[in-house]
Amino acid sequence: MANSIIQDEEMCFICGRRDTLEEHHIVFGNPGRRNSEKYGIKVMLCKEHHTGSKGVHHGNHELDIMLKKIGQREFEKIYSRRKWMEVFGKNYLLED
């Protein structure tokens, strides 16, 4: 996977599958998707965990929030909480 600060292997970040992979921009929508691409806030997910019945784009709110928290933690290791808030505007770690 190119330009991810979270994952460097071509496998589903959740289950480890190596087929039916799709790139998932953790903060999606506009400008979230563009900023996820710019800062590498993305992972590979199998189709089931991306858009399937267990997927973040199919109403799996728990998985969506979990990935956002992981993305924010990794971003803050490189940048800062302040920068995260400037770029993405929401602190997902407050839900811990």
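Me: A polar contact is a pair of N or O atoms within 3.5 Å, where within protein one atom must be able to donate a hydrogen and the other to accept it. What makes the pairing of asparagine 91 and glutamine 72 a polar contact?

Reply: This is a predicted model, and in it the side chains of asparagine 91 and glutamine 72 come to 2.9 Å, which is within the 3.5 Å cut-off, so the pair is called a polar contact. Asparagine 91 lies in the segment after α4, and, leaving aside residues up to four places away in sequence, it touches Gln72, Arg81, Trp84 and Met85.

Me: How do you know whether asparagine 91 counts as buried or exposed?

Reply: The relative accessibility of asparagine 91 is 13%, and buried means under 20%, so asparagine 91 is classed as buried.

Me: What makes lysine 42 and glutamate 37 a salt bridge?

Reply: The closest N and O atoms of lysine 42 and glutamate 37 are 2.8 Å apart, and a side-chain nitrogen of Lys within 4 Å of a carboxyl oxygen of Glu is what the term requires, so the name applies. The search of the whole structure finds nine salt bridges.

Me: What makes glutamate 76 and arginine 81 a salt bridge, and how are the two residues classed?

Reply: Their closest N and O atoms are 2.5 Å apart, which is within 4 Å, so glutamate 76 and arginine 81 qualify as a salt bridge. Glutamate 76, at 18% relative accessibility, is under the 20% limit and so counts as buried, whereas arginine 81, at 37%, is partly exposed. Elsewhere, salt bridges that share partners join Glu23, Glu37 and Lys42 into one network.

Me: Why are lysine 68 and aspartate 64 separated by about one helical turn?

Reply: They are four residues apart in helix α3, which runs over residues 61-78, and this spacing is why about one turn separates them. An α-helix has 3.6 residues a turn, so residues three or four places apart point the same way. The side chains of lysine 68 and aspartate 64 meet in a salt bridge with an N to O distance of 2.5 Å, and both residues are buried.

Me: How do you know how histidine 50 is classed, and what does it touch?

Reply: Histidine 50, found in helix α2 (residues 47-50), has a relative accessible area of 10%, which is under 20%, so it is buried. Its side chain makes a polar contact of 3.4 Å with that of histidine 24, and, not counting residues up to four places away in sequence, histidine 50 touches residues including Glu22, Glu23, Leu45 and His57.

Me: Which residues of α1 are buried, and what places them on the same side of the helix?

Reply: In helix α1 (residues 32-39) the buried residues are Gly32, Asn35, Ser36 and Tyr39. They cover an arc of only 105° around the axis, so they lie on the same side of α1. On the other side of α1, Arg34 and Lys38 are exposed, while the buried residues are covered by elements including β1 (21-25), α3 and α4 (81-88).

Me: Which members of the largest nonpolar core touch the most other members?

Reply: The core has 19 residues, and those touching the most other members are Ile26, Ile41, Leu67, Phe75, Trp84 and Phe88. Two or more residues come from each of β2 (42-46), α3 and α4, and α3 gives the largest share, five residues. As background, nonpolar side chains in soluble globular proteins tend to be buried together.

Me: Why is the chain called as compact as a globular protein of its length?

Reply: The chain has four helices and two strands, following the pattern β-α-β-α-α-α along the sequence. Its radius of gyration is 13 Å, close to the 12 Å that the globule rule gives for 96 residues, and therefore the chain is as compact as a globular protein of that length. Buried residues make up 44% of the chain, and among contacts between residues at least 6 apart in sequence, 52% join residues at least 24 apart.

Key: Residues are numbered from 1 along each chain as its sequence is written. This is a predicted model: local features need pLDDT of at least 70, side-chain atom pairs count only at pLDDT 80 or more; totals for chains, interfaces and linings use all residues. Side-chain values use heavy atoms; hydrogens and water are left out. Buried means under 20% relative accessible area, exposed over 50%, partly exposed in between (1.4 Å probe, protein chains only). Contact means heavy atoms within 4.5 Å. The arc is that of the directions from the helix axis to the C-beta atoms. A nonpolar core is a set of buried Ala, Val, Leu, Ile, Met, Phe, Trp, Tyr and Cys residues joined through side-chain atoms within 4.5 Å. The radius of gyration is taken over C-alpha atoms; the globule rule is 2.2 Å times the number of residues to the power 0.38.
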